[in-house]
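I set out to look up a sheet and a few backbone angles, and I kept notes as I went along.

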Amino acid sequence: MPNAKVLSPGEQVAQRTITSYTLTPAQMVKSEGLYRTGIVLSFAYPALELAIVVAILWTRFGARLQRLAERASRNRFVQACVFVPLLMLVFSLLELPLEMYSHHLSLAYGLSVQRWGGWFWDQAKSAGLSIPVITLCLWGIYAAIRKTRRWWLRGWVVSMPIMAIMFFLSPVLIDPIFNRFNPLQATNPELTTQLQSLAHGSGLEIPKSRIFLMHASDKVTTYNAYVTGFGATKRIVVWDTTARDMTVPQTLFVFGHEMGHYVMHHIYLIMALFAVGMFAGFWLVSVLVPWMIERWGAGWGVATLGDWASLPLLIGVVTVLSFISAPLDSTISRQMEHAADAYGLQATIPVTPDAHQVAAQSFQLLGEKSFSYPEPSRLYVIWHYSHPPIAERIRFVLGNEK
Ligand SMILES: [Zn+2]
């Protein structure tokens, strides 16, 4: 009798012996297209943001918006509620075509299956969440600016608990607004037990209630799993695409990688690094922006840093600073990801026969699913890659590197 069973992508790749990351000619064409467009987009985003800032400054739009806010009320909080949302709306509308192009690309390459209606709804939801929070934060920051020269230190101190609260609440309050989550136990009880016993084998007790399945297939075709939250909200999330397409040993490796992030407390490390980055950012802004206003402020209609009209300039400086600091952020991230790869491999060796090969197969599958480019330029990797390139990860797990 012929075997009518259709093999899952994971089972298909499991029939191969992976010695290096390879793509079929058809996949390679897509991969090159995505890689090139990705490079252009990575420059286009900050360039567009800066162009908007320059246009706002040249046309003195910020000053006009400030007069509008001041006419609305003498109360600074009311002014913030007028100025900040309107300015954010201008940025969002002008950036919308690029965002749409990006989503169009994901659809065209088959990475996304989210229809435009749902996509626009997601954009609206994220604006609805971020606008009130940012308005409130900026109201506080501008109040501090008008009160003390050390506003940046005060702003940084206050932003720390806000950041911690966001990290803590986002898995329970924010993430469910965009995606559906269920305990993995409900749909994949066997897999959950195996994941738990893998964790147990590494001396880690992860309760079943901390392992979630995310219904990513509503929106995307790619694979992922991640660790999020801390303390009472810390959890491991596996995308349903991963659980559906990967074999159990492959999923165990992916889970082992995530366990690495969990065990090595990468979330706390990220928060600490974020705090350091924010400190430097606040201080640099407090030095650079007043200096720029002194030199060119008159032409832009910005009298002092305490004016609402200085906000576009602040945004411009932050954009430049984050572009400059991107290599540092990415390099730290790649280091953590590499450490998690090493952890995942070590964790699966005792339970998975030929764990090195299974890990390589997982990466091969991950790479070909998202058309990850086999040989990205070193400079681009340093600037933008949050994970080591797939080819490098495969070489590592096969033991050909480090
Ligand atoms: Zn990771």
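**Before starting.** I noted that this is a predicted model, in which local features need pLDDT of at least 70, side-chain atom pairs count only at pLDDT 80 or more, and totals for chains, interfaces and linings use all residues. I number residues from 1 along each chain, as its sequence is written.

**The sheet.** I looked up the strand order and found four strands forming an open sheet, β1-β2-β4-β3, with mixed pairing. Strands here are DSSP runs of E with at least two residues, helices are runs of H or I with at least four, and both are numbered from the N terminus. Two strands count as paired if DSSP finds at least two bridges between them. The edge strands are β1 (181-183) and β3 (225-228), each of which pairs on one side only. Direction ignored, neighbouring strands of this sheet are turned by 30 degrees against each other on average; the axes behind such angles are lines fitted to C-alpha atoms, for helices over the stretch in contact, and angles run from 0 to 180 degrees between N-to-C directions.

**Around β2.** I then followed β2 (residues 211-214), which is joined to β1 by three bridges and runs antiparallel to it. Across this pairing, N182 stands opposite L213, and P183 stands opposite F212. Towards β4 (residues 235-239), β2 has four bridges and the two strands run parallel, with I211 standing opposite I236. Which way do the residues of β2 point? I211 and L213 point one way, F212 and M214 the other way, and all are buried, that is, with 20 or more other C-beta atoms (placed from the backbone) within 10 Å of their own, where 12 or fewer means exposed and anything in between partly exposed.

**Two positive phi angles.** Most residues other than glycine have a negative phi. I found that R60, although not a glycine, has a positive phi of about 55 degrees, and that R60 lies in the loop between α2 (25-58) and α3 (61-72). R60 counts as partly exposed because it has 15 C-beta neighbours inside 10 Å. D354 is likewise not a glycine and has a positive phi of about 55 degrees; its place is in the loop between α12 (311-348) and α13 (355-369). Is D354 buried or exposed? D354 is exposed, because 12 other C-beta atoms lie within 10 Å.
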